[in-house]
Amino acid sequence: MVFGYVHDADFGPLVMVSAGGTLVEYFADRQFALALFGEEKARSLIGRLSISRLLDGVRGQAPADVAVAALTAFSSMCVALSGNRGIDINSVLVSYSSAIAVDALIVPTPVPADEGRYHRQSHIKPLI
């Protein structure tokens, strides 16, 4: 799966979900919603995707309900990081028990030169 976010000037934090990896180009179905949303909205967004049947469980496998929880958490993260221009997580590998982000890109909002190098307090603390 792909989880995406863009901060739209008119609408605010906008979340996108779609099939992931190279399938994002094959299946041209993407779903969008304004963040912040709960599990009901996440389930609805995922349910409208072509790949939703795969997440429902195939041949007796358990459904991948964790995709709903992961998308809901991503929506919350987007609100917390709404000072950024965008976030792209492709792929999010989803199974019946876990969701793992394989690759992610965060596009920060440019800092005007006259505001200096650090213009806002970061929530991310250095490890060293």
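Predicted model: local features only at pLDDT ≥ 70, side-chain atom pairs only at ≥ 80, totals over all residues.
**Notebook: loops, helix packing and a core**

I started at Leu 36, which sits in the loop between β3 (30–34) and α2.

Ser 91 belongs to the loop between β4 and β5 (92–94).

**Overall layout**

I stepped back to get the order of elements. The chain has four helices and seven strands. Reading from the N terminus, I get β-β-α-β-α-α-α-β-β-β-β. How much of the chain is buried? Of its 128 residues, 32% are. I also checked contact range: taking contacts between residues at least 6 apart in sequence, 48% join residues at least 24 apart.

**α2 against α4**

Next I went to the helix pair. The axes of α2 (residues 39–47) and α4 (residues 66–80) come within 9 Å of each other and cross at roughly 115 degrees. I put the crossing down as right-handed.

Which residues meet here? From α2 I listed Glu 39, Ala 42, Arg 43, Leu 45 and Ile 46, and from α4 Ala 67, Val 68, Ala 69, Leu 71 and Thr 72. Sorted by class, this contact has seven nonpolar, one polar and two charged residues.

Thr 72 is in helix α4, and its relative accessible area of 14% makes it buried, because the cut-off is under 20%. Setting aside residues up to four places away in sequence, Thr 72 touches Phe 37, Gly 38, Glu 39 and Ala 42. Glu 39 and Ala 42 are on the α2 side of the helix contact.

Leu 71 was my next stop. Leaving out neighbours within four places in sequence, I find Leu 71 in contact with Phe 3, Val 15, Val 17, Phe 37, Ala 42, Leu 45 and Ile 46. Of these, Ala 42, Leu 45 and Ile 46 are in α2, while Phe 3 lies in strand β1 (residues 2–8).

**The aromatic pair**

I searched for ring pairs and the count came to one. Phe 3 and Phe 74 form that pair, with 5.4 Å centre to centre and 40 degrees between the planes. Why is it tilted, and not stacked or edge-to-face? Stacked needs planes under 30 degrees apart and edge-to-face over 60, so 40 degrees leaves the pair as tilted.

Phe 3 is in β1 and Phe 74 in helix α4, so the pair ties together parts that are 71 residues apart in sequence.

**The core**

Last, I opened up the largest nonpolar core, which has 24 residues. The members that touch the most others are Met 1, Phe 3, Val 17, Ile 46, Leu 71 and Phe 74. So my list takes in both residues of the aromatic pair, and Leu 71 and Ile 46 from the helix contact.

Which elements supply at least two residues each to this core? I have β1, β2 (12–18), α2, α4 and β4 (86–90). The largest share, six residues, comes from α4. As background, I jotted down that nonpolar side chains tend to be buried together in soluble globular proteins.

Conventions
Residues numbered from 1 in each chain as written. Heavy atoms only, no water. Axes fitted to C-alpha atoms, helices over the stretch in contact; angles between N-to-C directions. Left-handed = near helix turned anticlockwise from the far one by under 90°. Contact = heavy atoms within 4.5 Å. Nonpolar A, V, L, I, M, F, W, Y, C, P; charged D, E, K, R; others polar. Phe/Tyr/Trp six-rings, centres within 6.5 Å; stacked < 30°, edge-to-face > 60°. Core = buried A, V, L, I, M, F, W, Y, C linked by side-chain atoms within 4.5 Å. Buried < 20%, exposed > 50% of the residue type's maximum accessible area, 1.4 Å probe, protein only.
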